[in-house]
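Please look over the model below before reading on.

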Amino acid sequence: MNQEVLEQVCEFAKSAYKYDGEVTADTTFAELGKGSMKMIALTSMIENELDAEVPIREVMTMKTVGELVERVEEEME
């Protein structure tokens, strides 16, 4: 897992979910607080900043931030 991509996605997640704690690859979306609007904000940040498009319906099936990072990396290749 690319550390730089992980750090960026973790920052996006903190911002989108207005989360104060530390976000890591193992952080679950349940911990962040579910919310489709927050998830949409997160995916649009990823799209705008990293130029990687991951469909929201895919993200909604993911459990952890790490899963999302792996998927983002696939899109960036």
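## Helix 5 and its cover

The buried residues of helix 5 are covered by elements that include helix 1, helix 2, helix 3 and helix 4 (56-59). Helices here are DSSP runs (H or I, at least four residues), numbered from the N terminus. Buried means under 20% relative accessible area, exposed over 50%, and partly exposed in between (1.4 Å probe, protein chains only). Contact means heavy atoms within 4.5 Å. This is a predicted model: local features need pLDDT of at least 70, side-chain atom pairs count only at pLDDT 80 or more, and totals for chains, interfaces and linings use all residues. Residues are numbered from 1 along each chain as its sequence is written, and side-chain values use heavy atoms, with hydrogens and water left out.

Which residues of helix 5 are buried? They are Val65, Gly66, Leu68, Val69, Arg71, Val72 and Glu73. Helix 5 has 12 residues. From its first C-alpha to its last it reaches 16 Å, close to the 16 Å expected at 1.5 Å a residue. The expected span is 1.5 Å times one less than the number of residues.

## The nonpolar core

The largest nonpolar core has 24 residues. Such a core is a set of buried Ala, Val, Leu, Ile, Met, Phe, Trp, Tyr and Cys residues joined through side-chain atoms within 4.5 Å. Val9, Phe29, Leu42, Ile46, Leu68 and Val72 have the most contacts inside this core. Helix 1 (3-17), helix 2 (29-32), helix 3 (36-50) and helix 5 (65-76) each supply at least two of its residues. Helix 1 gives the most, with 8 residues.

Take Leu68. Neighbours within four places in sequence aside, Leu68 is in contact with Val9, Phe29, Leu42, Ile46, Val54, Val59 and Met62.

## Helix 1 against helix 3

Two packed helices are described by the angle between their axes and the distance between the axes. The axes of helix 1 and helix 3 come within 9 Å and cross at roughly 140°. Axes are lines fitted to C-alpha atoms, for helices over the stretch in contact, and angles run from 0 to 180 degrees between N-to-C directions. Helix 1 and helix 3 are therefore oblique to each other. Angles under 35 degrees count as roughly parallel, over 145 as roughly antiparallel, 65 to 115 as roughly perpendicular and the rest as oblique. Helix 1 passes helix 3 in a right-handed crossing. A crossing is right-handed if the near helix is turned clockwise from the far one by less than a right angle, and left-handed if anticlockwise.

On the helix 1 side, Val5, Gln8, Val9, Phe12, Ala13, Ser15, Ala16 and Tyr17 take part. They meet Lys38, Met39, Ala41, Leu42, Met45, Ile46, Glu49 and Leu50 in helix 3. Phe12 is buried, at 13% relative accessibility. Its C-alpha is separated by 6.0 Å from that of Leu42, 30 residues apart along the chain. Leaving aside neighbours within four places in sequence, Phe12 is in contact with Leu42, Met45, Ile46, Glu49 and Leu50.

Helix 1 and helix 5 pack at an angle of about 120°, with their axes 10 Å apart. That makes helix 1 oblique to helix 5. This crossing of helix 1 and helix 5 is right-handed. Val5, Leu6, Val9 and Cys10 in helix 1 meet Val65, Leu68, Val69, Val72, Glu73 and Met76 in helix 5.

The axes of helix 3 and helix 5 come within 12 Å and cross at roughly 35°. Helix 3 passes helix 5 in a right-handed crossing. Here Leu42, Ile46 and Leu50 in helix 3 meet Leu68, Val72 and Met76 in helix 5.

## Single residues to check

Where are the positive phi values of Lys18 and Asp51 found? Lys18 has phi near 50° and is not a glycine. Lys18 lies in the loop between helix 1 and helix 2 and is exposed, at 70% relative accessible area. Asp51 has a phi of about 55°, and is not a glycine either. Asp51 sits in the loop between helix 3 and helix 4 and is exposed, at 68%.

Thr43 belongs to helix 3. Thr43 is buried, with a relative accessible area of 10%. Beyond its neighbours within four places in sequence, Thr43 is in contact with Val54, Ile56 and Val59. Gln8, in helix 1, is partly exposed at 27%.
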